[in-house]
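Here is a short report for someone meeting this structure for the first time. Keep the sequence and the 3D view at hand while reading.

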Amino acid sequence: PYLLTDQGFVNRDELRYPFEERGLQFGDGVYEVIRIYGGQYYLIKEHVERLFRSAKAIKIKMPFSKEETYEKLDELLKQNNVDQDAKVYLQLTRGSAPRDHAFPKDVPANLYAYVQEMPRKVDALQQGVTTITQPDVRWDYCYIKSLNLLPNVMAKQEATEKGAFEAILHRNKKVTEGSSSNVYLVKDGIIYTHPATENILHGCVRMRVEALSRQLGFPFIQAAFSLDDIAEADEMFISSSTAEVMPVVKVDNITVGTGNPGPVTQQLQQAYEKDASIPKSKSI
Ligand code: PLP
């Protein structure tokens, strides 16, 4: 398997970083996770645009132009003969330099990307998942897809220990997003989700969910809902590149709606499959 790096394509075992690497020592970098269905990227433009936005926000210079990034990401799939469902993880850091909080001068960024096979979570997509709630203790710039994931890691671990799929985060009882997903509530055929402010990651799938909701005729309201609204919800779901449109059937001890994936969520799941060109034979 080959990795894409800022130095060209290398074998997986060949990539080495010095211990003084800013991603390792400071989490000083940004990343993307891009979904692939049947060997084809899904929402590639959205991911590349966000990567460049994140890099710019923390003043890291991408080693490639946008044009080159698309070409190299395509080449990554070709080099690895990818024709199945998979994901690409791409990481960009401020580079390798003696440890100092301030930026090093004239040090090139480090970039690598690898592809990994990833089947769809078919059972969970059909049955829905359980979740817990956790306070959102992250910083004010969650729109940057930063490598600083400790609060997300702690929240997801709490969920995992409780047998839940995701931790739903809230600031002062207002739901922001999940530890690695965006969160939605459905009430009377209307979809509510936290507005795309600096306090949440602007999910690539979230963007498509908004467009697909409008196409299906469901009002899509960008207004934060509160933990208290969950007891009254008809449906809830989360979205991400790896979880797709995932029904949420339980939040802490509260059963959401009927306790089964609801009709609005299911219509969005079907629309998602069409949007991602997932063949009928592979639909949920
Ligand atoms: N919110 C957070 C905190 C995430 O880490 C992610 C992605 O993993 C998302 C939302 C969903 O983003 P996307 O739809 O671009 O995968």
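Helices here are DSSP runs of H or I with at least four residues, and they are numbered from the N terminus. Helix 2 is one such run, covering residues 44-57, and Lys56 is found in it.

**Overall picture**

This is a predicted model. Its mean pLDDT is 98, and 100% of the residues reach 70 or more. The scores are ipTM 0.99 and pTM 0.98.

The protein has seven helices and 15 strands. Its C-alpha atoms fill a box of roughly 55 × 45 × 35 Å along the principal axes. How does the radius of gyration of the protein compare with that of a compact globule? For 284 residues, a compact globule would come near 19 Å; the protein has 19 Å, so the two agree.

Buried residues make up 40% of the 284 residues. Take the contacts with a separation of 6 or more: residues 24 or more positions apart account for 71% of them.

In soluble globular proteins, nonpolar side chains tend to be buried together. In this model, the largest nonpolar core has 37 residues. Tyr184, Leu185, Met236, Phe237, Met246 and Val248 have the most contacts inside it. Which strand gives the most to this core? Strand 14 does, with five residues.

Phe237 shows how the parts of the chain meet. Setting aside neighbours within four places in sequence, Phe237 is in contact with Tyr184, Val245, Met246, Pro247, Val248 and Thr265. A second core is separate and has 22 residues, including Leu3, Ile34, Tyr41 and Ala86.

**Around the ligand**

How many residues surround the ligand? The number is 13, and the closest are Leu201, Gly203, Cys204, Val205 and Ser241. Two elements give two or more residues to this shell: helix 6 (204-216) and strand 13 (235-240). Helix 6 gives the most, with three residues. By class, the shell has four nonpolar, seven polar and two charged residues.

**Two loops with positive phi**

Asp188 sits in the loop between strand 10 (182-187) and strand 11 (190-193). Its phi is near 50 degrees, a positive value in a residue other than glycine. Is Asp188 buried or exposed? Asp188 has 7 other C-beta atoms within 10 Å, so it is exposed.

Asp252 lies in the loop between strand 14 (244-251) and strand 15 (254-255). Asp252 is not a glycine either, yet its phi is positive, about 50 degrees. With 13 other C-beta atoms within 10 Å, Asp252 is partly exposed. The cut-off explains this label, because 12 or fewer would count as exposed and 20 or more as buried.

**Distances across the chain**

| Pair | Separation in sequence | C-alpha distance |
|---|---|---|
| Val122 and Ser283 | 161 residues | 8.5 Å |
| Lys56 and Ile144 | 88 residues | 9.5 Å |
| Ser277 and Gly262 | 15 residues | 23 Å |
| Tyr112 and Ser277 | 165 residues | 27 Å |

Now place some of these residues. Val122 belongs to helix 4 (residues 122-127). It counts as exposed, because 11 C-beta neighbours lie inside 10 Å. Lys56, in helix 2, has 13 other C-beta atoms within 10 Å and is therefore partly exposed.

Tyr112 lies in strand 6 (residues 110-117). It has 18 C-beta neighbours inside 10 Å, so Tyr112 counts as partly exposed. Beyond its neighbours within four places in sequence, Tyr112 is in contact with Leu3, Leu4, Thr5, Leu15 and Gln91. Leu3 is also among the residues of the second core.

Where is Ser277? Ser277 falls in the segment after helix 7 (263-275). Ser277 is exposed, with 10 other C-beta atoms within 10 Å. Leaving aside neighbours within four places in sequence, Ser277 is in contact with Tyr37 and Gln40.

Terms used: Residues are numbered from 1 along each chain as its sequence is written. This is a predicted model: local features need pLDDT of at least 70, side-chain atom pairs count only at pLDDT 80 or more; totals for chains, interfaces and linings use all residues. A residue is near a molecule or strand if its C-beta atom, placed from the backbone, lies within 6 Å of it. Ala, Val, Leu, Ile, Met, Phe, Trp, Tyr, Cys and Pro count as nonpolar, Asp, Glu, Lys and Arg as charged, and the others, Gly among them, as polar. The radius of gyration is taken over C-alpha atoms; the globule rule is 2.2 Å times the number of residues to the power 0.38. Two residues are in contact if their C-beta atoms, placed from the backbone, lie within 7 Å. pLDDT is the predictor's confidence in each residue, from 0 to 100. A nonpolar core is a set of buried Ala, Val, Leu, Ile, Met, Phe, Trp, Tyr and Cys residues joined through C-beta atoms within 7 Å.
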